[in-house]
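Hi everyone, thanks for coming. I'd like to walk you through one chain today, so please have a look at it with me.

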Amino acid sequence: ELQCDITVTDGTNSLAIYLTTLKITGFGAPVEGAGLIRQRVDCTCYRKSSSNTYMTDSSEELYIKAANEQRFVMVQIEDPEPLDDLEEIAQLEGIDMILFGPGDFSQGIGAPGQWDHPLIAETCKRVAEVCRTHGKFAGTVGGVDDVPKLVDMGYQFISCLLYTSPS
């Protein structure tokens, strides 16, 4: 399993080059706003090349279609700022899952580690509802004991954390 975070800061489509080079078929990115996330999602898709000499038009089209269908794009809600754009983000074609990161989110709202904070509970519920409304997978993290509650909320992907206490 390879997990990597790629950040492109030069305003280009360099992300597409990295994704192709690394043969990544899906990626996750923190969400800063709908406009930037649209650019990032666009970078994950193959497009027809005008200078392609090794494929016929039909084989290239089939490859591009299959490659794009196999992409899995996840965006992460880890800060309060993108909440204003959550509906717009969920409507973007090409996003498969929205993952709510309550740990980072708790830092962003000035309540680090306060898992019972009302804004964390409200946002967790809202992300699941928006995903269900727009046909996206909802993902988050939680302990094993949290799974039934999160599934009832509508989460389909739950990364379970194992907490151990020092002995």
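Let's start on the outside of a helix: Pro118, Glu122, Arg132 and Thr133 are exposed, on the face of α6 turned away from its buried side. Exposed here is over 50% relative accessible area, buried is under 20%, and partly exposed is in between, with a 1.4 Å probe and protein chains only. Helices (H or I, at least four residues) and strands (E, at least two) are DSSP runs, numbered from the N terminus.

A quick word on the source: this is a predicted model, where local features need pLDDT of at least 70 and side-chain atom pairs count only at pLDDT 80 or more, while totals for chains, interfaces and linings use all residues. Residues are numbered from 1 along each chain as its sequence is written, and side-chain values use heavy atoms, leaving out hydrogens and water.

Now, which residues of α6 are buried? They are Ile120, Thr123, Cys124, Val127, Ala128, Val130 and Cys131. Because they cover an arc of only 165° around the axis, they sit on the same side of α6; the arc is that of the directions from the helix axis to the C-beta atoms. As a reminder, an α-helix has 3.6 residues a turn, so residues three or four places apart point the same way.

And what do those buried residues pack against? Their partners are α4 (86-91), β3 (97-100), α5 (102-108), β4 (137-143) and α7 (147-153), with contact meaning heavy atoms within 4.5 Å. Just after α6, Gly135 adopts a positive phi of about 70°.

Strand β2 (residues 72-77) runs parallel to β3, joined by four bridges, and Ile77 stands opposite Phe100. On to β4: this strand is also parallel to β3, again with four bridges, and Leu99 has Gly139 as its bridge partner. Strands pair if DSSP finds at least two bridges between them.

Thanks, and I'm happy to chat!
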